[in-house]
Amino acid sequence: MAVPHLKGKQVLVTGAASGIGRATALAFARQGANLVISDINPALLESTADAARALGVQCLTYAVDVADEAAMRDFAASVHAKTGPVDVLVNNAGIGYIGPFLRSPVNSWRRVLDINVMGVVHGCHFFGERMVEAGGARQIINVASLAGIAPAPNMSAYAASKHAVMGLCDVLAMELADTDVGVTAICPGIINTPITNARGSVSEAITPTQIERLRAYYEANGVSPDVVAAAIVDATRHGRPLVLVGPYARPMYHLKRISRKLVKSMTLSDARKNGYLETMK
Ligand SMILES: NC(=O)c1ccc[n+]([C@@H]2O[C@H](COP(=O)([O-])OP(=O)(O)OC[C@H]3O[C@@H](n4cnc5c(N)ncnc54)[C@H](O)[C@@H]3O)[C@@H](O)[C@H]2O)c1
């Protein structure tokens with residue numbers, strides 16, 4: 001449900017050490033919201049916290065792996081004891097994975113689903129109940145992706161994880177329709193963040209040249225994570241259910257509603273042009 005005034009509200013952001021999470025935490029801080037931020041990279045997380053405190057808000061930090069159920073339960077218990085239920089929950093932490101399906105090890109799939117799906121499930125589960133019980137306008141924001149709508153070759157695990165987040169958002173939004181808690185699915189297009197640098201997120205079928213090309217593509221075509229952060233703040237203030245932000249997100253969403261076939265053939269032709277199908281050989 002719309003949370004129009006963010007000053008003094010309690011906003012929790014996972015994966016806040018880098019990229020979209022860091023930008024989002026700081027965007028909420030600029031609105032005067034107090035923060036609880038978490039990440040698996042505590043050193044970088046402290047840098048986000050320092051920047052937030054410099055904006056004059058309170059900021060608690062937690063080094064937590066979103067995939068770890070027990071750690072997430074303890075995290076929620078600690079936050080509830082210190083600040084009570086959060087007003088805005090941003091389940092942002094996530095990883096990419098690049099590789100053709102037949103050459104992506106099953107354990108890479110598991111890692112992607114553990115972080116990108118179960119991380120969001122843990123956030124909604126351990127923080128959501130207290131948000132509903134507390135009453136008053138609150139919002140759950142889950143960061144999915146354009147890959148949750150119109151995926152491309154070499155991203156089967158990532159696309160599956162983001163489709164799962166989209167499905168969760170749809171169902172949760174209906175189940176919470178008669179409460180004061182709204183649900184937003186965020187679908188960013190190409191955003192220039194360090195997501196393509198993460199170790200363990202690339203199949204051995206992908207060559208260093210292809211990775212370099214992908215990074216160069218993100219740098220050249222991606223927009224700043226600040227653009228997504230601004231859209232997340234706006235979605236929170238207006239209680240928007242779906243946010244399409246960044247290059248290709250909006251046109252691909254609408255095109256897919258008109259013709260799935262057209263979107264598939266355009267994406268396939270693009271993948272062929274960029275040599276992405278060569279990895280299957
Ligand atoms: N960059 C893009 O083009 C893009 C597009 C669509 C969606 N997204 C999504 O946006 C979200 C943020 O990605 P980003 O681009 O800012 O990447 P990023 O790598 O810059 O930031 C991700 C953050 O999540 C943290 N993280 C990773 N695994 C974690 C775990 N198990 N527990 C806790 N924290 C963990 C990382 O340490 C990092 O700080 C992800 O869910 C991603 O899938 C990104």
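This is a predicted model: local features need pLDDT of at least 70, side-chain atom pairs count only at pLDDT 80 or more; totals for chains, interfaces and linings use all residues.

Me: How far from an oxygen atom of the ligand does a backbone N or O atom of Gly19 lie?

Reply: A polar contact is a pair of N or O atoms within 3.5 Å; within protein, one must be able to donate a hydrogen and the other to accept it, and residues adjacent in sequence count only if both atoms are side-chain atoms. For Gly19, a backbone N or O atom lies 3.5 Å from a ligand oxygen atom. The corresponding distance is 2.7 Å for Ile20 and 2.9 Å for Ile191. The protein covers 94% of the 830 Å² of accessible area that the ligand has on its own (Shrake-Rupley method, 1.4 Å probe).

Me: Which residues around the ligand come nearest?

Reply: A residue is near a molecule if one of its heavy atoms lies within 4 Å of it. Of the 28 residues around this ligand, Ser18, Ile20, Asp39, Tyr158 and Thr193 come nearest. By class, the shell has 17 nonpolar, eight polar and three charged residues (Ala, Val, Leu, Ile, Met, Phe, Trp, Tyr, Cys and Pro count as nonpolar, Asp, Glu, Lys and Arg as charged, the others, Gly among them, as polar).

Me: How does one read a nonpolar core, and which members touch the most others here?

Reply: In soluble globular proteins, nonpolar side chains tend to be buried together. A core is a set of buried Ala, Val, Leu, Ile, Met, Phe, Trp, Tyr and Cys residues joined through side-chain atoms within 4.5 Å. In the largest core, of 41 residues, Leu12, Phe75, Val79, Leu89, Phe127, Ile140 and Ile149 touch the most other members. Helix α4 (106–134) is one of the elements supplying at least two residues, and α4 gives the most, with eight (helices are DSSP runs of H or I, at least four residues; strands are E, at least two; both are numbered from the N terminus).

Me: Is Ser38 buried or exposed?

Reply: Buried means under 20% relative accessible area, exposed over 50%, and partly exposed in between (1.4 Å probe, protein chains only). Ser38, in strand β2 (residues 34–39), is buried because its relative accessible area is 1%. By contrast, Arg73 in helix α3 counts as partly exposed, at 41%.

Definitions and conventions
Residues are numbered from 1 along each chain as its sequence is written. Side-chain values use heavy atoms; hydrogens and water are left out.
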